[in-house]
Amino acid sequence: MVANGEKQQGHRPGVYKQKNKGHKHGKHRTKGEIERENKGRVSVIALTKKQRKEQRKIDRKNKANQLRKNKRDMVLTEKRRLGSRDGPPILVAVVPLHAAVDAGVVTKLLRQEGAGGVIRQEQFVSGASDSFGLVVPRFKQRFTFLRTNTDDIHSLLDVAKTVDSLIFVLNSDEGWDSYGDYCLSCLFAQGLPSYALVYQGMSDLPVKKKVDCRRALSKVTEMRFPEARLFPLDSEQDVTLLLRHLGTQRQRKLGFRSRRSHLVAQHVTFTPSGTPGSPSSLGTLCVSGYVRGRPLRVDRLVHISGHGDFQLSQIDAPTDPLPLNTTAPRPGKRGKAGEVDMMDGDEAEAPVRVLMKADPSCRESLQAEAEVDPMDGEQTWPTESELLEAEEARKSKHVMKVPKGTSDYQAAWIVDNDENSDLDEEKEDEEEEEEEEEEELSSTERAGADQRYDEHMDETEEEEGLKRYREARANEMFPDEVDTPIDVAAKIRFQRYRGLKSFRSSPWDPMENLPHNYSRIFQFQSFERTRRRILAEAAEEEEGAMVGWYVTLHISDVPSSVMESVQGGRPLVLVSLLPHEQKMSVMHLLVRRHPSNTEPIKSKEELVFHCGFRRFRASPIFSQHTSADKHKMERFLRPDAPAVVSVYAPITFPPTGVLLFKQRDDGVQDLVATGSLLSCNPQRIALKRIVLSGHPFKINRRSAVVRYMFFKRDDIMWFKPVELRTKWGRRGHIKEALGTHGHMKCVFDSQLRSQDTVLMNLYKRVYPRWTYDPYVPLPLPWFKRESMVDLQDLDME
């Protein structure tokens with residue numbers, strides 16, 4: 001017992017008390033029991049830095065696998081839909097690449113019943129000379145074949161923009177001729193879809209010779225089509241193999257068409273709304289076809305290649321003329337479940353259903369140019385805030401070291417770029433060209449010339465070509481050098497030009513003295529941000545006529561010339577425009593001169609443009625492709641470097657292929673350059689440089705007397721602030737004028753050599769000419785061009 005009646009204390013185990021494992025009674029706790037016992041407490045597991053890195057690596061790998069799987073599934077879904085019941089038919093164009101081959105024989109073989117297909121409708125594509133729809137029950141696919149007219153390069157390019165596959169018909173001996181190579185150059189530059197190479201005429205050859213001919217043809221096609229497969233097309237079995245290849249081949253994605261809904265017209269009707277027989281009468285054009293690319297909205301504008309932009313009024317859903325049903329057979333017909341049931345597709349069986357009508361309040365406008373306010377540039381009385389800002393700008397003006405005797409106006413002129421006079425741009429350029437051009441070549445007698453050969457020669461064109469060659473050669477030998485006129489003061493002749501201390505770092509205000517045409521165009525605050533937003537919205541578009549539907553579009557206010565073009569045998573290609581793509585702006589195209597073109601291409605010369613689905617004529621300017629904020633203008637399109645082509649044209653969002661053609665006086669269109677769309681930026685500065693040259697007359701240590709640069713004393717004092725340079729790398733400035741005949745004393749950083757040349761660089765900003773014309777005349781057919789060449793060769797012999 002405890003003494004004094006104290007209560008005994010119980011034993012409390014310490015931290016080192018042994019804890020034995022509980023008895024395993026064979027039962028386990030459920031998740032609910034665990035949660036009730038934890039009472040919301042969560043054990044914290046601290047991961048090390050290495051574990052977190054491994055976890056992030058696993059997450060990135062899983063995310064990449066998910067994206068890869070989703071993309072693969074999307075591609076497979078699109079591939080399986082094409083040609084099936086839920087997608088549009090596989091559109092195939094037959095293109096002959098040699099004058100000795102006949103594409104009609106290929107289409108005739110495809111029509112035969114032994115290939116396993118059923119012809120649904122002849123002349124299936126409106127405007128195509130030989131087209132038909134084909135249903136293949138064996139493959140559960142449907143095709144649309146059309147034979148293109150290669151004599152019309154415009155029609156060939158328009159069809160190639162929309163088809164799913166091209167069948168190139170080759171000659172068994174040569175492959176393709178010169179015109180076939182020309183067509184391939186245009187197609188590759190524009191963007192080539194999936195293709196197949198076929199040939200004929202080897203079935204009757206012996207086996208050994210057949211192998212040799214096939215090997216020789218493969219060697220010829222390797223240059224254009226590496227690792228391409230050649231398909232013989234002489235029997236029904238060959239046709240079956242070709243159809244299987246066309247239905248299962250990998251589709252090449254073209255960005256400019258996959259982001260826009262488009263269709264090829266298969267049935268076209270025109271209802272005039274004006275006076276019948278009038279050449280300029282307008283009416284409603286009803287175009288039927290399969291929707292491709294993206295869903296088609298009725299409130300969007302549509303562009304008909306070669307004709308312009310129009311508005312939709314209504315979209316109908318007629319009966320599909322090329323059906324492919326894999327469901328149970330219709331009542332009253334025998335057949336097994338899952339068997340292909342080919343309906344007759346008569347449009348009179350079911351009434352035409354109206355899908356959607358355009359809402360005038362939501363429909364996009366056809367306005368292409370901005371409204372010009374003639375009073376927008378009028379001078380107003382400045383406000384108090386504007387006066388304070390001007391005063392602060394004057395006080396904060398930086399100080400620059402200038403030559404002695406330079407006025408405040410001249411000092412501001414060389415640094416801040418003085419304001420140009422209000423002379424008209426086009427008139428000044430014409431006067432400048434007249435001053436810079438050499439004397440025209442005088443025609444001389446051609447002794448002993450063949451009169452028959454001279455009948456096919458245009459003397460005016462020959463003289464212009466010679467003058468253009470001389471200008472290009474002079475510009476290559478003496479870049480941008482011009483002669484100072486003697487009878488006109490240089491400060492008047494070159495009053496629109498200014499000097500720059502540094503072409504790279506000297507400032508140039510992009511909003512200074514803009515031409516009147518800039519008030520007619522549209523401009524983005526950020527073109528790249530707008531492009532990403534619009535293309536993202538187009539990719540998620542789920543409204544309108546879906547891809548694969550056979551619809552009829554009612555197009556309002558269409559001229560009758562569109563129907564005349566269809567009746568003339570040319571295909572009709574229609575594309576839905578993205579927002580803002582009908583508005584005019586300054587477009588910049590990055591192009592490279594085509595190797596087949598040898599003639600010089602001068603700036604501001606009229607060219608034919610193929611930009612995406614558009615085709616137009618315009619007079620562009622060329623400039624260098626650099627990353628600076630100012631770009632030097634090129635007088636000619638250089639063959640050894642890419643150039644940026646600036647032109648007034650409707651807005652188009654890249655990526656888009658670009659082709660440039662030059663129209664001759666005889667109707668021939670030559671491919672001169674190919675490239676892609678760069679951007680839309682009216683503030684891109686292109687500066688034209690002229691170089692005034694002088695020659696040292698007397699040379700001292702660091703000073704020299706220079707003559708022949710100017711011929712008046714006032715001109716020397718006017719251009720005194722501009723820095724001088726020499727061809728051998730010396731730099732200097734004008735110190736003073738000597739006499740009244742243009743001699744001047746100049747100081748340089750080192751002594752000149754007697755054979756050196758003194759130069760002065762002057763710059764002015766240039767703009768393209770507003771000569772946009774959506775009408776492009778048809779090119780001369782190739783057989784006429786060949787006949788003209790053969791006739792000239794015969795005359796030469």
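Why is strand β19 (residues 614-619) largely enclosed by the rest of the structure? Six of its six residues are buried, so the strand is largely enclosed; buried means under 20% relative accessible area with a 1.4 Å probe, protein chains only. Helices (H or I, at least four residues) and strands (E, at least two) are DSSP runs, numbered from the N terminus.

This is a predicted model, in which local features need pLDDT of at least 70 and side-chain atom pairs count only at pLDDT 80 or more, while totals for chains, interfaces and linings use all residues. Residues are numbered from 1 along each chain as its sequence is written, and side-chain values use heavy atoms, with hydrogens and water left out.

**Whole protein.** Start with everything displayed: there are 18 helices and 31 strands. Of the 797 residues, 44% are buried. Among contacts (heavy atoms within 4.5 Å) between residues at least 6 apart in sequence, 78% join residues at least 24 apart.

**Select 614-619.** In a regular strand the side chains alternate between the two faces of the sheet. On β19, Arg 614, Phe 616 and Ala 618 point one way, and Arg 615, Arg 617 and Ser 619 point the other way.

Look for Cys 611 opposite Arg 614. The two strands form a hairpin with two residues between them, and Gly 612 in the turn has a positive phi of about 65°.

**Move to 178-190.** Helix α5 has 13 residues and spans 19 Å from first C-alpha to last, close to the 18 Å expected at 1.5 Å a residue, where the expected span is 1.5 Å times one less than the number of residues. Its buried residues include Tyr 179, Gly 180, Leu 184 and Ser 185. Just after the helix, Gly 191 takes a positive phi of about 125°.

The axes of α4 and α5 come within 11 Å and cross at roughly 40°; axes are lines fitted to C-alpha atoms, for helices over the stretch in contact, with angles from 0 to 180 degrees between N-to-C directions. The helices are therefore oblique to each other, the class left after under 35 degrees (roughly parallel), over 145 (roughly antiparallel) and 65 to 115 (roughly perpendicular). To show the contact, select Ile 153, Leu 156, Leu 157 and Ala 160 of α4 with Tyr 179, Tyr 182, Cys 183, Cys 186, Leu 187 and Gln 190 of α5.

How values were computed:
Buried means under 20% relative accessible area, exposed over 50%, partly exposed in between (1.4 Å probe, protein chains only). Two strands pair if DSSP finds at least two bridges between them.
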